[in-house]
Amino acid sequence: MAPTLAPGDYVVVDNRAYARRSPPPGDIVLACDPREPSRVIAKRVAGPDGADGVVLLGDNPDQSTDSRDFGTVRPTDITGRVVWRYWPPARFGPVR
Amino acid sequence: MSLLDRILRPSRTASAHCDGPCGVYDSASARIAAEAVLSMAKKLVDLGDGNDLASENTRSRFIAIKEEQAQLAKQELLILWTDYFKPPHLEANPGLHDTFWNAAKLCSQNKVEVNVEAAQALVDTIGEIHNIFWASKSRDDVPFYTAG
């Protein structure tokens, strides 16, 4: 997810963000990897794909493993929205 | 772990990059292995049919290296094919799958046979992959060269 997220960033996640609505394009979300549900991934919502799936893409397309590899993700597998980075201090602020 | 880190550290970890996060790919790895296969095929032909102990020993070594390097070339090709290349690359290069399949088949043929033409064809096919690979990175400054 470079350059938006860097390895070792500490972020706050809103687990209730999508309790009443579906994830809009542009949001950075945590989701269960469809290939390995115990693995949590952080990706950006690219758009809905019909009624059943959400397309997730990395911000660094050359090197990202994302919906181009594992297909769409079920909305119920999207567990929260990444909202704020609190570490490192130099990059403190909202995650967009 | 410092106290500060213990306080700040999140409870869960998320992955945000690719399966192999280094992101370093280069068709040169496959090309070097293929060149070794070509070199061994040529040396095997040059060695001739001698059955003395020294010739048998040298032949065995050449064959072992040819087998090993053909397998390595196949492995390096598979990494590029399955990890680096993505569906958008396929749209830009509709022949991508055929080219890789052909290259992988040539790796196998070079194990089965002692065939200088097949070894040269493998190097040439990896040259095609080199061109597709660097074009996909919008790089036109990486010439295909051979060490041999």
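In chain B, what share of the contacts between residues at least 6 apart in sequence join residues at least 24 apart? The share is 70%. Two residues are in contact if their C-beta atoms, placed from the backbone, lie within 7 Å.

This is a predicted model, in which local features need pLDDT of at least 70, side-chain atom pairs count only at pLDDT 80 or more, and totals for chains, interfaces and linings use all residues. Residues are numbered from 1 along each chain as its sequence is written, while chains are lettered from A and ligands numbered from 1 in the order in which they are written.

**Chain B overall**

Chain B has 6 helices and 0 strands. From the N terminus its elements read α-α-α-α-α-α. Helices (H or I, at least four residues) and strands (E, at least two) are DSSP runs, numbered from the N terminus. Chain B has 148 residues, and 24% of them count as buried. A residue is buried if 20 or more other C-beta atoms lie within 10 Å of its own, exposed if 12 or fewer, and partly exposed in between; C-beta atoms are placed from the backbone.

**Helix α2 and its partners**

Two packed helices are described by the angle between their axes and the distance between the axes. Helix α2(B) covers residues 28-47, and α3(B) covers residues 53-84. Axes are lines fitted to C-alpha atoms, for helices over the stretch in contact, and angles run from 0 to 180 degrees between N-to-C directions.

| Helix pair | Axes come within | Crossing angle |
|---|---|---|
| α2(B) and α3(B) | 8 Å | roughly 155° |
| α2(B) and α6(B) | 8 Å | roughly 165° |

The α2(B) and α3(B) axes cross at roughly 155°, which makes these helices roughly antiparallel. Angles under 35 degrees count as roughly parallel, over 145 as roughly antiparallel, 65 to 115 as roughly perpendicular and the rest as oblique. This crossing of α2(B) and α3(B) is left-handed, meaning that the near helix is turned anticlockwise from the far one by less than a right angle; clockwise would be right-handed. The contact of α2(B) with α3(B) has 17 nonpolar, 4 polar and 4 charged residues. Ala, Val, Leu, Ile, Met, Phe, Trp, Tyr, Cys and Pro count as nonpolar, Asp, Glu, Lys and Arg as charged, and the others, Gly among them, as polar.

The α2(B) and α6(B) axes cross at roughly 165°, so α2(B) is roughly antiparallel to α6(B). Their crossing is left-handed. Residues of α2(B) that meet α6(B) include Ala30(B), Arg31(B) and Val45(B); on the α6(B) side, Val116(B), Gln120(B) and His130(B) are among them. This contact divides into 11 nonpolar, 2 polar and 3 charged residues.

**Nonpolar cores**

A nonpolar core is a set of buried Ala, Val, Leu, Ile, Met, Phe, Trp, Tyr and Cys residues joined through C-beta atoms within 7 Å. The largest holds 25 residues; Ala34(B), Val37(B), Ala73(B), Ala103(B) and Leu122(B) touch the most other members. Two or more residues come from each of α2, α3, α5 (96-112) and α6 (116-136) of chain B. Helix α2(B) gives the largest share, 8 residues. Beyond its neighbours within four places in sequence, Ala34(B) is in contact with Ala73(B), Leu122(B), Val123(B) and Ile126(B). A second, separate core has 17 residues, including Leu5(A) and Ile78(A).

**Between the chains**

Chain B puts 13 residues in contact with 13 residues of chain A. The chain B side has 6 nonpolar, 3 polar and 4 charged residues.
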